[in-house]
Amino acid sequence: MKATPAFLLAATALAACTADLPTASPHAAAPRAPAHEVSHWPTGGVPGFWFTFADRPQGAPAAPFDATLSPTVEVCRVTNDTCGPVLATFTRTTGSYGRLVTVDAPNEAYRVTWPTGSTGADAGEVYRVSVRVGSRVLGFMDVLMVTSWWQLFTTDTNQFYPWVAGVNLQVGFHVDRGIPGSVQVSASALTLNVGEGKPLSATVLDLHGLPLAITPKWWIYDPVNPVVVDSGMVIGVAPGTTQVSAWYGDVETIIPVTVTDTRRQWAAVAPPEMEARAIWGTSSSNLYTATHTGVGRWDGTAWSFAEPVRWRDLYDVHGFGPADVWAVGGNGVIVHYNGTAWAGMAYDGASVTPLSLNDFDVPARRITLRGVWGASASSLVAVGDSGTVLVYDGTQWRTRASGTTATLTGVWGSSATDFYATTADGRVLRFTGTSSVAPVAGVQAPGALHAIWGSAAANVYAVGDGGMMYRYNGTAWSRVRLPTRATLYTVWGSSASEVYAAGTDGALYRFNGNAWTPEKRPGGNGQIFGVWGFAGGPVYAVGSGMVARR
């Protein structure tokens with residue numbers, strides 16, 4: 001503790017008026033050193049609060065004195081480092097023995113006189129003088145009562161603030177304006193489902209209960225966290241209970257959180273041999289998947305690989321009936337099934353030419369086609385690396401300028417003259433007519449967008465990295481906030497009120513026309529790359545060694 005000249009002057013004055021000072025109480029225990037002699041700003045306590053016997057910390061920012069508070073000063077006996085019974089309480093309106101807390105405006109301090117003799121403060125004992133505003137304790141000083149003023153200079157002030165028992169002690173303290181007083185949280189408790197997110201906001205209030213321009217921090221108490229806090233949202237990740245704290249400095253508010261798991265369960269279907277990236281079909285007994293090793297087909301009982309498409313690295317599949325199925329993939333490959341046999345062709349960076357499916361020569365320009373979609377058998381679009389766009393008119397494939405070299409990752413539209421493509425640099429491009437293309441306003445994701453789908457021209461969704469989702473309502477694009485940071489690889493629906501989005505870490509969400517809710521895939525939290533199904537019928541999801549059905 002820093003002894004100021006005022007402290008020395010006060011001690012000198014005592015020498016002239018303390019002829020008869022009380023001795024230590026015969027039953028007083030030996031002095032017990034508390035954890036801190038003084039807790040205030042100069043000793044690492046609450047910034048902006050200090051007792052006036054010390055100086056403001058050097059380099060501390062100057063803030064106005066707050067003379068409009070209603071502080072409470074309490075005195076208690078310290079026993080075994082614990083504050084015992086309260087001996088005296090002082091406020092601005094009431095006080096023990098008629099002593100009130102007053103404002104010393106010229107010196108920017110609050111003051112109150114503690115009549116130590118009246119409160120029975122015994123020499124040899126330690127007393128704690130604490131200051132609080134409402135429930136917020138700003139600081140305290142532990143006072144060791146001694147028998148003579150000479151002991152003021154011989155007491156270890158690294159342990160105690162010494163004072164002479166029986167002599168009035170003037171307690172002075174300063175309070176800056178803007179000291180945090182509490183943290184207000186928008187909910188007192190939360191119950192949520194696994195995969196569900198609920199917003200939770202917190203505001204730091206000053207000692208008057210007014211908001212401060214301070215951002216609190218979040219803390220989760222359970223070491224095996226059933227939740228995460230992300231961008232102002234609490235997200236359930238596993239069943240369990242925990243506590244979430246919003247805090248700033250030494251003020252905090254804790255709320256209990258319960259996570260349940262009532263997600264709708266999807267059933268497992270025997271998976272193909274390899275990872276499936278996309279799915280399409282005509283019925284529950286005629287499904288096609290695009291995989292690392294060709295086209296997989298489900299006949300309602302088992303999977304098989306379409307020959308001679310085997311060992312082709314495919315990314316997407318789409319069709320218009322049992323006799324019209326298309327798939328695209330690595331090295332510009334395009335394969336088509338006409339109901340009888342598969343035929344191959346490839347894009348070499350300039351044009352699409354026939355390809356023998358037994359020919360595995362690698363083209364000079366390796367362009368991967370990553371998405372294929374069509375409105376009809378004579379209106380098909382494929383997109384891929386280096387801004388590649390290919391349009392099929394029922395007879396031949398033609399290239400179309402995209403205005404970008406970015407990878408195009410997904411495609412959807414209403415026709416080959418009005419469609420959208422997502423990009424690896426977080427944009428959505430709209431293609432209209434035969435040559436017009438432009439990025440849509442309102443979409444610029446921080447990472448890649450991977451897929452796009454719509455139920456109609458006025459209801460379109462795009463998804464991508466970090467749980468990003470955008471929706472077009474026919475007028476403007478806007479962000480849809482899902483409670484996940486998982487990468488979303490796919491979005492599909494059977495109508496505007498039945499939409500699915502899925503991706504990494506088992507992320508699987510369904511929109512029912514009103515809200516997005518989490519669903520549960522079988523087999524843990526692997527990746528889902530494709531979702532597709534039938535209006536009013538089953539829906540399928542495919543991914544890392546899994547096929548699920550709902």
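Modeller: Two strands are said to pair if DSSP finds at least two bridges between them, the strands themselves being DSSP runs of E of at least two residues, numbered from the N terminus. The structure is a predicted model, in which local features need pLDDT of at least 70 and side-chain atom pairs count only at pLDDT 80 or more, while totals for chains, interfaces and linings use all residues. Residues are numbered from 1 along each chain as its sequence is written, and side-chain values use heavy atoms, with hydrogens and water left out.

Biologist: How do you know that strand β40 and strand β41 pair?

Modeller: Strand β40 (residues 459–464) and strand β41 (residues 468–472) are joined by four bridges in the antiparallel sense, and the definition asks for at least two. Tyr-461 stands opposite Arg-471 in β41.

Biologist: What makes β39 and β42 edge strands?

Modeller: The open sheet has four strands in the order β39-β40-β41-β42, with antiparallel pairing, and both β39 (449–456) and β42 (477–481) pair on one side only.

Biologist: Why is Asp-385 called buried?

Modeller: Its relative accessibility is 13%, and buried means under 20% relative accessible area, with exposed being over 50% and partly exposed in between (1.4 Å probe, protein chains only); Asp-385 therefore counts as buried. This residue is found in the loop between β32 (379–384) and β33 (389–392).

Biologist: Why is the meeting of Asp-230 and Arg-485 called a salt bridge?

Modeller: Their side chains meet at 2.9 Å, N to O, and a salt bridge requires a side-chain nitrogen of Lys or Arg within 4 Å of a carboxyl oxygen of Asp or Glu. Asp-230 lies in strand β16 (residues 227–230) and Arg-485 in the loop between β42 and β43 (488–495), so the pair ties together parts that are 255 residues apart in sequence.

Biologist: Which of the classes, buried or exposed, does Asp-230 fall into, and which does Arg-485?

Modeller: At 19% relative accessibility, Asp-230 is buried, whereas Arg-485, at 52%, counts as exposed.
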